[in-house]
2 protein chains.
Amino acid sequence: MSESVLAVDIGGTKFAAALVGPGGDVQAAERVATPPGGDAATLWKALDELVSAVAGDRPVAGVGIGCGGPMSWPDGAVSPLNMPGWRAFPLRDRLAARFPGVPVRIHNDAVCVAVAEHWRGAGRGSANMLGMVVSTGVGGGLVLGDRLIDGGSGNAGHIGHIVVDPDGPACGCGGRGCLEAVARGPGLAAWAVEQGWIPGRVAGSAAPVPAPAYVEAATATGRQLALDAAAGDATALAAMGRAGRALGLAIASATHLCDLDVVTVGGGLSQAGPLLFGPMEETLRAHVGLDFARRVRVVPASLGQDAGLVGAAALILAADRYWSPRD
Amino acid sequence: MSESVLAVDIGGTKFAAALVGPGGDVQAAERVATPPGGDAATLWKALDELVSAVAGDRPVAGVGIGCGGPMSWPDGAVSPLNMPGWRAFPLRDRLAARFPGVPVRIHNDAVCVAVAEHWRGAGRGSANMLGMVVSTGVGGGLVLGDRLIDGGSGNAGHIGHIVVDPDGPACGCGGRGCLEAVARGPGLAAWAVEQGWIPGRVAGSAAPVPAPAYVEAATATGRQLALDAAAGDATALAAMGRAGRALGLAIASATHLCDLDVVTVGGGLSQAGPLLFGPMEETLRAHVGLDFARRVRVVPASLGQDAGLVGAAALILAADRYWSPRD
């Protein structure tokens, strides 16, 4: 019997799969672009080919899957927001049929990232952790008492919908003023464009600056905003401040409610580094006064693009901490 | 060996103690006023006499204690905010010496109330619950996956310090715009007085109204505010709306982060009933759009003044769910 598991990470832009060893080591990772506009069968075919390429005829000890939500859980019928071809698609069941006789488990992709950071990343050794992903959306996962918290329907960890500005922008969830509505890359970029930001053209310098290589491809994305902020653009910097403050407020609230030791922050926007973490820390510290809350540390996530795979594998390899439902 | 436990509930206005049977039935409860301004020895003497009166010479299976925070936990050296006579007072150790040979366990008083509502009250049967107490302060306790969540230092459940108004009033915790800063009874009453509220004199009616019996004793408290709101005072009603909206925002945030099934709300201010629960529900529903979050139910706490005792007893009687540390 193999001790490696097959890990699968399903996203709107790419599918990834790998074999992951008992220690969390990622072997033979493969990635393919998500078939754009693919229907259910096309998407499944791409995934099936990918896992065949990775697993070949080798036996695996189990299959762990991370996938964008929403999904029914733990049965794993998925309806990823940005993959309209799959609506209530029985992803877990299909992979269970493809790999019979071993456990096949699924969780939200941001939850898998949080699990990975707790198991093998920046949250290692902390029993009470919130793992965050700040990207196209703002997601997360919650580990308390050294156990992954699932909540009533597998949806615990939705830090992106903590309300940080009660009268703030409408959120895709139907609410208003959620962290995600303020700090998600596209929302932040839209705000910056309203404020006069022109992607890739760094403003706020008296002398004309030579156009950097990325200008021609520059579009109004969170990642471009981070790049322009790093290059000194005043509006892009203001946008990072805006996102950082919203993150700081949400982290303060989560820390008080859950008595957290550590928060890990990853995802595209976190690439802005101190430009984001600075205002985030400043706001957090202004809102935590009680001794227990002041303990919290906020650190960059450390596992990069493999995190989703490592966390998916942990659903099998470290099930005592990260998997609660009966299979 | 007795199967009953001694439960103790330590508050700034009263000490309570009772024997509690295995099913959570409260027997022989006694209450005494907290010695006002008492030093450490005076406070301990009052408690020692109280537990002697309740337990007598009967053996008990253990001792469960709820006490106002902050405290070091689980060792239980307490420094209750409103009992300056006890600072790092070894309350748990003193009771352990008084009742040798049995487990003696302590938790925050609001945590004990939440445990009670989960074990025997309005949250019974729900695996994922937030129990709230809205009174002089705003406290709570968190049960997830059918287990009490302690957090890194026993302080999980501090719903009162979720930020509901980033630029709102300063909070006693050192932060700003916390739920507690807005919705705690004294804070809310102070806000109402600023708006012109005169406690016990019901305004907003065209015709003079006969003075109700409670007028002479009326002071600017949250409880009086609830009474005046019930009697139709416009400012008191506005205050209930203000508190309700703050509660709704905090509950929305907690629901998203923890994927809650149910929230129980007790404490003095909750006596306002629909005047508080109405605006709370309205705000909550405006901020929960995702299916999983819309599931949440907010219900009045059901156990009343015995809740703290029942929850303290559960630290012994239902330790599999409510007690995680090693003794």
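Hello everyone, a word on conventions. This is a predicted model, where local features need pLDDT of at least 70 and side-chain atom pairs count only at pLDDT 80 or more, while totals for chains, interfaces and linings use all residues. Residues are numbered from 1 along each chain as its sequence is written, chains are lettered from A and ligands numbered from 1 in the order in which they are written, and side-chain values use heavy atoms, with hydrogens and water left out.

Back to the interface. What does the rule find there in polar contact? We get 20 residue pairs, both partners at pLDDT 80 or more; a polar contact is a pair of N or O atoms within 3.5 Å, where within protein one must be able to donate a hydrogen and the other to accept it, and residues adjacent in sequence count only if both atoms are side-chain atoms.

On the chain B side, strand S9 (138-144), helix H7 (234-258) and helix H8 (274-287) each supply at least two of the residues that touch chain A. Helices (H or I, at least four residues) and strands (E, at least two) are DSSP runs, numbered from the N terminus. H7(B) gives the largest share, 6 residues.

Now the amounts. Contact, meaning heavy atoms within 4.5 Å, takes in 38 residues from chain B and 39 residues from chain A. The two chains bury about 2,900 Å² between them, 65% of it on carbon and sulfur atoms. B:Val163, B:Leu257 and B:His287 supply 21% of what chain B buries against chain A, more than any other three residues. Buried area here is the accessible area (1.4 Å probe) that two parts lose on being put together, summed over both.

How are the copies related? Chain B can be laid on chain A with an RMSD of 0.0 Å by a turn of 180 degrees and a shift of 0.0 Å along the axis. That is the relation of a two-fold axis. The superposition is by least squares on the C-alpha atoms of residues with pLDDT of at least 70 in both. And 100% of the interface residues of chain B are also interface residues in chain A, so the copies meet through the same surface.

Last, helix H10 (residues 307-317) of chain A: 10 of its 11 residues are buried, so it is largely enclosed by the rest of the structure. Buried means under 20% relative accessible area (1.4 Å probe, protein chains only). Among those buried residues are A:Leu309, A:Val310 and A:Ile316.

Technical notes
Buried means under 20% relative accessible area, exposed over 50%, partly exposed in between (1.4 Å probe, protein chains only).
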